[in-house]
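Welcome! Please take a moment with the sequence and the model below, and then read on for a short tour.

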Amino acid sequence: MRTTQIFVRSGLTIAAAAALPLALTTPSAFAAAGITVTATGSTVTVTTAACPNGGDASLMSNGQASFAQGRQVSLTGGSASWRNVSTGTHTVAVVCEDGSAAGSQTVTVGATPTASSTTAPARGVRGGLGGASEDWGTLTLAAGGVLVALAAAGGGVWYLRRRGAQYRL
């Protein structure tokens with residue numbers, strides 16, 4: 001009876017370990033909204049899913065402190081872009097049609113464009129995405145699942161051997 005319980009528990013553990021890579025590949029429905037800013041050459045693009053009814057985006061250069069002072073563009077399909085942006089550091093801010101702020105980011109336009117966040121996302125931190133946000137191939141996921149299954153099997157064998165050692169003389 002006791003051996004049967006161990007095998008059942010080991011089987012459930014292995015089944016859960018096999019399902020883990022599949023759970024990590026499915027996109028999360030609760031991903032936090034925010035903005036993504038990219039700079040390619042002298043073109044700056046912002047995309048967001050936080051404004052389903054549209055909104056406005058503003059590109060502010062150094063010395064411009066408010067949304068109204070920047071180069072404003074309406075969001076089209078959740079994105080907006082500015083061409084012929086001068087070299088330097090700029091701030092991109094997005095305000096939805098309902099008046100809520102989707103977020104803002106600083107972007108550097110130049111030889112090597114970089115982006116860094118200046119404010120927290122409006123709906124919380126994107127905690128928990130970690131490596132699950134990257135698109136892993138089937139081979140990588142299968143290899144990870146095999147390693148987890150081997151670890152679970154090794155743990156089960158160790159447990160059975162350890163449990164049986166107390167009855168030996």
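About 11,100 Å² of accessible surface is computed for the protein, and 59% of that area belongs to carbon and sulfur atoms; such areas come from the Shrake-Rupley method with a 1.4 Å probe, where for residues only the protein chains shown count as cover. Of the 169 residues in the protein, 24% are buried (under 20% relative accessible area; exposed is over 50%, and partly exposed lies in between).

This is a predicted model, in which local features need pLDDT of at least 70 and side-chain atom pairs count only at pLDDT 80 or more, while totals for chains, interfaces and linings use all residues. Residues are numbered from 1 along each chain as its sequence is written, and side-chain values use heavy atoms, with hydrogens and water left out.

The protein has 2 helices and 8 strands, in the order α-β-β-β-β-β-β-β-β-α from the N terminus on. Helices (H or I, at least four residues) and strands (E, at least two) are DSSP runs, numbered from the N terminus.

How confident is the predictor? The mean pLDDT (confidence in each residue, from 0 to 100) of the protein is 75, and 62% of its residues reach 70 or more.

| Element | Residues | Mean pLDDT |
|---|---|---|
| helix 1, lowest | residues 2–25 | 55 |
| strand 3, highest | residues 55–60 | 92 |

Finally, look at helix 2 (residues 138–165), where Leu 150 is found. Leu 150 counts as exposed because its relative accessibility is 56%.

Key:
Buried means under 20% relative accessible area, exposed over 50%, partly exposed in between (1.4 Å probe, protein chains only). pLDDT is the predictor's confidence in each residue, from 0 to 100.
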